[in-house]
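I opened my notebook to record what I looked up in this model.

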Amino acid sequence: MKINIKGPIISDSDQWIYDWCGIPATSPSLVSKLMDKAEKNEELEIIINSGGGSVDSGTEIYSALKDYDGNVIGKIVGLAASAASVIAMGCTKLLMSPPARIMIHNSAIRTQGDHSDLEHTAGVLKTVDIGIANAYELKTGMSHAELLALMEDETWFDAKKALDNKLIDEIMFTETKIVNSAQTLSDGTLPQAVIDKIRNELKGKKGIVNSEEIPPEPTEPKVNNELVLAKLKLKLK
């Protein structure tokens with residue numbers, strides 16, 4: 001089942017107003033009703049393009065996705081910012097289109113009052129930020145301190161940066177690579193351990209020889225080297 005997370009993330013009570021105005025928006029009840037229509041353990045495909053909105057509504061949708069029994073495949077096709085980025089973290093597997101973006105930042109609120117009121121509100125917002133960081137931490141494994149610093153700076157991620165920071169699991173429309181940027185050195189070369197592992201895995205494979213061997217005369221169709229390399233991906237992680 002496909003579920004769209006598009007437009008602002010809003011409260012349940014505001015959904016009818018957006019619907020009446022013909023403005024795309026996403027509330028917890030809208031997502032919940034669609035999830036209820038899914039067959040038992042049916043895979044969900046979550047299409048995300050939202051600039052965010054209500055953190056409480058985003059948290060509720062995130063929780064619903066995490067609590068779902070089947071697979072939840074998320075696809076960021078445009079923007080996953082603010083509360084929408086929290087929703088994205090609820091997906092079992094998260095993919096991102098090459099030109100798409102993720103943005104994380106501190107929570108915000110409009111308020112008024114005396115200094116005591118404002119100090120209290122600041123404390124509430126810090127608590128909200130810690131809760132948001134929990135969702136990012138579960139996905140990425142990064143520390144709270146790192147995540148809160150990124151939120152403080154309002155950090156934007158392109159697809160490659162998001163993959164490197166483990167906010168997503170895969171970049172859409174790209175061929176499977178045998179290594180990722182985390183497996184290369186600063187100058188782009190492969191570590192010797194990775195080279196040795198590839199050499200050992202490929203040793204004896206038909207159609208694959210090392211630089212010290214003389215290729216035999218072809219007597220049968222060559223093996224598709226790219227297919228062989230692709231099958232080694234899991235072994236190299």
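Which residue in β7 stands opposite methionine 96? I found isoleucine 171 there.

I noted the ground rules next. This is a predicted model, where local features need pLDDT of at least 70, side-chain atom pairs count only at pLDDT 80 or more, and totals for chains, interfaces and linings use all residues. Residues are numbered from 1 along each chain as its sequence is written, and side-chain values use heavy atoms, with hydrogens and water left out.

**Entry: strands.** I looked up how β4 (residues 93–96) pairs. Strands here are DSSP runs of E with at least two residues, helices are runs of H or I with at least four, and both are numbered from the N terminus. Two strands pair if DSSP finds at least two bridges between them. β4 runs parallel to β7 (residues 170–171), and two bridges join them. β4 also pairs with β3 (residues 72–81) in the parallel sense, over four bridges. In that pairing, isoleucine 73 stands opposite lysine 93.

**Entry: the crossover.** I followed the chain from β3 through helix α4 (residues 83–88) to β4 and found a right-handed β-α-β unit. Right-handed means that, with the strands pointing away from the viewer, the path from the first strand over the helix to the second runs clockwise.

**Entry: serine 97.** Serine 97 is in the loop between β4 and β5 (101–104). Is serine 97 buried or exposed? Serine 97 counts as buried because its relative accessible area is 8%, and buried means under 20%, exposed over 50%, partly exposed in between (1.4 Å probe, protein chains only). Leaving out residues up to four places away in sequence, I listed its contacts (heavy atoms within 4.5 Å): Ile76, Val77, Ala159, Met172 and Phe173.

**Entry: the core.** A nonpolar core is a set of buried Ala, Val, Leu, Ile, Met, Phe, Trp, Tyr and Cys residues joined through side-chain atoms within 4.5 Å. The largest one has 42 residues, and Ile5, Ile46, Ile76, Ile102 and Tyr136 have the most contacts inside it. α4 gives the most to this core, with five residues. I checked isoleucine 5: beyond four places in sequence, its contacts include Ile46, Ile61 and Ile87.

**Entry: threonine 121.** Threonine 121 lies in helix α5. Why does threonine 121 count as buried? The reason is its relative accessibility of 15%. Apart from neighbours within four places in sequence, threonine 121 is in contact with Ile109 and Thr111.
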